[in-house]
Amino acid sequence: MTRFETPRVAIVGVGEIGRGWAALAIAAGWPITIYDSDAELLGAATDAIGDRVVTLVRLKRAVTEVAEDALNEMKVGRSLLHAVAEADWVIKAVAEDLPVKQKVLQQIEQVTRETAIITSSASGFGPTALSARLERPERFLVGRPMDPVELIPLVEVVPSPRTDPAAVEDIRFWLSLLGRAPVVFRKEIPGNLAARLNAAIWRECIQMVLDGVLDVEDIDRAVSVGPALSLAASGPNLAHHLAAGEWGVEVSLSKLLGTYEGIWKSLAEWKQLSHEDQKRLIKLVDKSYSRHVSELREARDQRLVRLLEAMRE
């Protein structure tokens with residue numbers, strides 16, 4: 001096939017991320033096959049993916065007829081061989097465990113076509129480590145989405161030094177057809193971009209909760225209606241450039257960096273939470289949200305769609 005044809009997609013691993021990839025591809029009318037070595041999880045995935053597709057239709061992120069046809073045509077692999085043998089693009093979305101991921105990648109490579117491109121949705125491991133045991137590492141790269149996959153456009157595309165540039169371009173093009181915003185990394189870095197930012201922001205939020213500065217819900221509300229909106233509208237560097245005003249960017253950013261130096265000195269620096277603080281945090285988060293998870297997820301998805309529509313205008 002050529003880059004400009006609709007690829008046949010196989011999704012290996014049907015947890016949260018795998019189901020999101022499946023719903024996204026189905027919403028575009030693409031032929032997909034799903035597979036998981038956990039038969040119980042695989043059995044539950046069909047209905048779960050269907051529910052996500054229905055939600056996308058309701059949110060006007062998919063055309064009813066297109067999505068229904070693709071959902072009806074979705075195949076469930078009887079084995080890994082059956083799932084990936086004819087695929088052009090294999091998406092691996094299994095647990096965040098390096099030996100497990102390497103083993104699954106080896107198994108996929110052994111039974112898929114030599115021209116197929118394999119991507120991993122991992123955030124914790126880079127493509128060099130993940131592809132260390134592959135015979136064709138040039139056909140492998142990381143394609144890390146954010147959750148919910150079917151709604152948030154960003155996909156971090158991270159090739160290894162051995163990845164074929166043509167494979168990178170194929171994946172970038174296919175992601176664009178799915179309405180994603182692929183960002184290709186020039187080098188590997190632990191956590192890529194999104195996970196590193198989330199880790200830094202969350203650590204500071206956790207510290208403020210544990211210190212009694214704000215409670216869990218106030219932290220979330222403040223971030224979502226303040227910094228998150230600014231970042232969504234422009235990104236951090238452009239936001240500071242636009243705020244420079246009559247000072248000009250050189251003077252303004254120099255002053256701002258000086259101001260931030262004092263704040264940086266006060267930021268949390270711990271590398272892991274104590275067991276006691278973990279239990280305390282989990283209890284506080286659970287108390288805040290556990291009784292209304294379904295309603296909160298629905299509200300979150302609706303807000304995401306409205307934000308995306310506003311950003312498109």
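Asp 301 is buried, with a relative accessible area of 10%, where buried denotes under 20% relative accessible area, exposed over 50% and partly exposed in between, for a 1.4 Å probe and protein chains only. The model is predicted, so local features need pLDDT of at least 70 and side-chain atom pairs count only at pLDDT 80 or more, while totals for chains, interfaces and linings use all residues. Residues are numbered from 1 along each chain as its sequence is written, and side-chain values use heavy atoms, with hydrogens and water left out.

Asp 301 belongs to helix α14, residues 293–312; helices (H or I, at least four residues) and strands (E, at least two) are DSSP runs numbered from the N terminus. Apart from neighbours within four places in sequence, Asp 301 is in contact with Leu 59, Pro 148 and Leu 151, contact meaning heavy atoms within 4.5 Å.

The sheet is the next topic. Eight strands form an open, mixed sheet in the order β3-β2-β1-β4-β5-β6-β7-β8. Strands β3 (75–76) and β8 (181–184) stand at its edges, each with a single partner strand, so one side of each is left without a neighbour in the sheet. Two strands pair if DSSP finds at least two bridges between them.

Strand β4 (residues 89–92) runs parallel to β5 (residues 117–120), joined by four bridges, and Val 90 has Ile 118 as its bridge partner in β5. Three bridges pair β5 with β6, again in the parallel sense, with Thr 119 opposite Leu 141 in β6. In strand β6 (residues 140–145), five of the six residues are buried. Five bridges join β6 to the antiparallel strand β7 (residues 154–159), where Val 157 is the bridge partner of Gly 143.
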